[in-house]
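This report walks through a model's sheets, helix packing, nonpolar cores and loops. Look at the model first, then read on.

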Amino acid sequence: MNLEEVKYKKIGNFVDNSIDKYRAKDNINFESMLKTYINNNGFFVVIDDNNKLIGYFDMYDMPLMKSLFVNFEESKTKTIRQLIDEGKLKLRSETVDYNEKVIDVLKKINGGSQNYYPVMREGILIGRVSKKILKEKIDELY
């Protein structure tokens with residue numbers, strides 16, 4: 001298979017699916033979330049009790065994280081749900097569908113204001129994708 005054909009493959013074949021390392025329920029406290037966010041290159045997914053996506057933070061949300069870090073003592077023990085309810089955190093919600101073509105996802109990444117996108121399959125989070133992840137997966141498979 002040549003790389004030209006890869007453009008029309010499903011993005012679901014090229015995702016980082018180690019979701020447990022960068023997701024947590026909305027009752028996680030800010031301090032724990034921030035550690036996970038930093039350890040995952042500025043990406044964190046918030047889910048509810050039914051494992052449904054509530055939203056996520058991308059590395060481009062770093063100014064927001066910094067603003068909360070300034071008042072760290074006040075924020076560190078609050079849950080993500082509390083900070084969202086207080087209007088101090090706003091989650092991103094745009095996702096990529098498992099069946100979208102690689103070329104369409106690349107256009108979305110190149111035209112957007114974020115590095116990572118959560119990949120969903122039938123409403124369930126299955127992983128994340130970025131240009132870097134996409135390149136690594138293509139190199140690995142082809």
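## Basis

Two strands pair if DSSP finds at least two bridges between them. Helices (H or I, at least four residues) and strands (E, at least two) are DSSP runs, numbered from the N terminus.

This is a predicted model, in which local features need pLDDT of at least 70 and side-chain atom pairs count only at pLDDT 80 or more, while totals for chains, interfaces and linings use all residues. Residues are numbered from 1 along each chain as its sequence is written, and side-chain values use heavy atoms, with hydrogens and water left out.

## Sheet β1-β2-β3

Three strands make an open sheet in the order β1-β2-β3, and the pairing is mixed. β1 (23–25) and β3 (53–57) are the edge strands, each pairing on one side only. From one strand to the next, the twist averages 25°. Angles run from 0 to 180 degrees between N-to-C directions, and axes are lines fitted to C-alpha atoms, for helices over the stretch in contact.

Strand β2 (residues 44–47) pairs with β3 in the antiparallel sense, over four bridges. Within that sheet, Val46 stands opposite Gly55 in β3.

## Sheet β4-β5-β6

Another open sheet has three strands, ordered β4-β5-β6, again with mixed pairing. Its edges are β4 (96–97) and β6; each has a single partner strand, so one side of each lacks a neighbour in the sheet.

β4 and β5 run parallel and are joined by two bridges. Val96 stands opposite Val119 in β5. β5 and β6 pair in the antiparallel sense, over five bridges. Here Pro118 stands opposite Arg128 in β6. Four of the five residues of β5 are buried, so the strand is mostly covered. Buried means under 20% relative accessible area, exposed over 50%, and partly exposed in between (1.4 Å probe, protein chains only).

## Packing of α2 on α3

Two packed helices are described by the angle between their axes and the distance between the axes. For helix α2 (residues 30–39) and helix α3 (residues 62–70), the axes come within 12 Å and cross at roughly 145°. The crossing of α2 past α3 is left-handed: the near helix is turned anticlockwise from the far one by less than a right angle, whereas clockwise would be right-handed.

From α2, Phe30, Met33, Leu34 and Tyr37 meet Met62, Met65, Leu68 and Phe69 in α3. Contact means heavy atoms within 4.5 Å. The residues of this contact divide into eight nonpolar, no polar and no charged. In this scheme Ala, Val, Leu, Ile, Met, Phe, Trp, Tyr, Cys and Pro count as nonpolar; Asp, Glu, Lys and Arg count as charged; the others, Gly among them, count as polar.

## Nonpolar cores

In soluble globular proteins, nonpolar side chains tend to be buried together. A nonpolar core is a set of buried Ala, Val, Leu, Ile, Met, Phe, Trp, Tyr and Cys residues joined through side-chain atoms within 4.5 Å. The largest such core has 25 residues, of which Ile11, Val45, Val119 and Val129 touch the most other members. At least two residues of this core come from each of β2, α6 (102–111), β5 (117–121), β6 (124–129) and α7 (131–141). A second, separate core holds 17 residues, including Phe30, Met65, Leu68 and Phe72.

What does Val129 contact, leaving aside its neighbours within four places in sequence? The partners of Val129 are Ile11, Phe14, Val15, Val105, Asn115, Tyr116, Tyr117 and Val119.

## Loops

Asn41 lies in the loop between α2 and β2, and is partly exposed at 48% relative accessibility. Glu122 lies in the loop between β5 and β6. With a relative accessible area of 73%, Glu122 is exposed.

Asn50 sits in the loop between β2 and β3. Its relative accessibility is 61%, so Asn50 counts as exposed. C-alpha to C-alpha, Asn50 and Lys25 are 9.2 Å apart in space and 25 residues apart in sequence.

Not counting residues up to four places away in sequence, Lys78 touches Ile28, Asn29, Phe30, Leu83, Glu86 and Lys88.
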